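Look over the sequence and model first.

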Amino acid sequence: TWGGTGSGTGTAAAEAVVSTQSTGDKCWALMTTEDKIISGAADSLLSFWKDVTVEEEEREIEEERHQSEQQQELRNLLFEGKFAAALALSLTLNMPYKCLTVAEKILQLEDGTSQLRSLVENLHLDQIDILFGVCRYLEHQLEAHDHRPDGSLCHTQQQQAQ
């Protein structure tokens with residue numbers, strides 16, 4: 001991918017195909033250097049291009065590695081029974097069903113209701129915002145499927161059935 005004022009792709013032979021809308025006029029001049037392309041247009045503007053493919057690929061790999069590490073950390077927290085930290089991390093990772101799973105595990109504890117209440121009361125504002133988003137997402141999913149992930153009927157259907 002070529003960074004700067006437009007985008008394109010590079011090949012192993014260091015050739016490039018670039019399509020851009022960086023200028024409103026036709027390109028009249030094109031010059032290449034070892035690591036850059038310089039284009040000149042009828043509007044008297046020069047555009048400098050640099051191939052940023054490697055940097056973008058490295059960034060994507062790093063993001064995937066970080067995501068994988070966080071998901072492993074979440075699995076470890078659940079295995080160790082550290083549900084408060086697991087709930088916070090699942091909110092950070094924006095994993096709605098994992099949030100639901102963690103909340104259900106907390107509610108299964110002897111004093112689960114008070115623990116969950118305490119956890120929610122101590123969330124940061126950004127985590128509360130994410131939690132509302134998770135609730136909206138889960139509500140939409142449950143309404144669309146009329147079932148919870150564990151196969152039971154959703155709460156609103158249970159009330160209607162009674």
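Strand 4 (residues 27–32) lies largely in the open, because 0 of its 6 residues are buried. Buried means under 20% relative accessible area, exposed over 50%, and partly exposed in between, with a 1.4 Å probe and protein chains only. Helices (H or I, at least four residues) and strands (E, at least two) are DSSP runs, numbered from the N terminus.

This is a predicted model: local features need pLDDT of at least 70, side-chain atom pairs count only at pLDDT 80 or more, and totals for chains, interfaces and linings use all residues. Residues are numbered from 1 along each chain as its sequence is written, and side-chain values use heavy atoms, with hydrogens and water left out.

Strand 4 runs antiparallel to strand 5 (residues 36–41), joined by 5 bridges. Two strands pair if DSSP finds at least two bridges between them. The two form a hairpin, with 3 residues between strand 4 and strand 5. Within the pair, Ala 29 faces Gly 40 of strand 5.

Helix 2 (residues 83–92) has buried residues: Phe 83, Ala 86, Leu 87, Leu 89, Ser 90 and Leu 91. After helix 2 comes Asn 94, with a positive phi near 55°.

Now the cysteines. A disulfide is a pair of cysteine sulfur atoms within 2.5 Å. The count by this rule is 0 disulfides.
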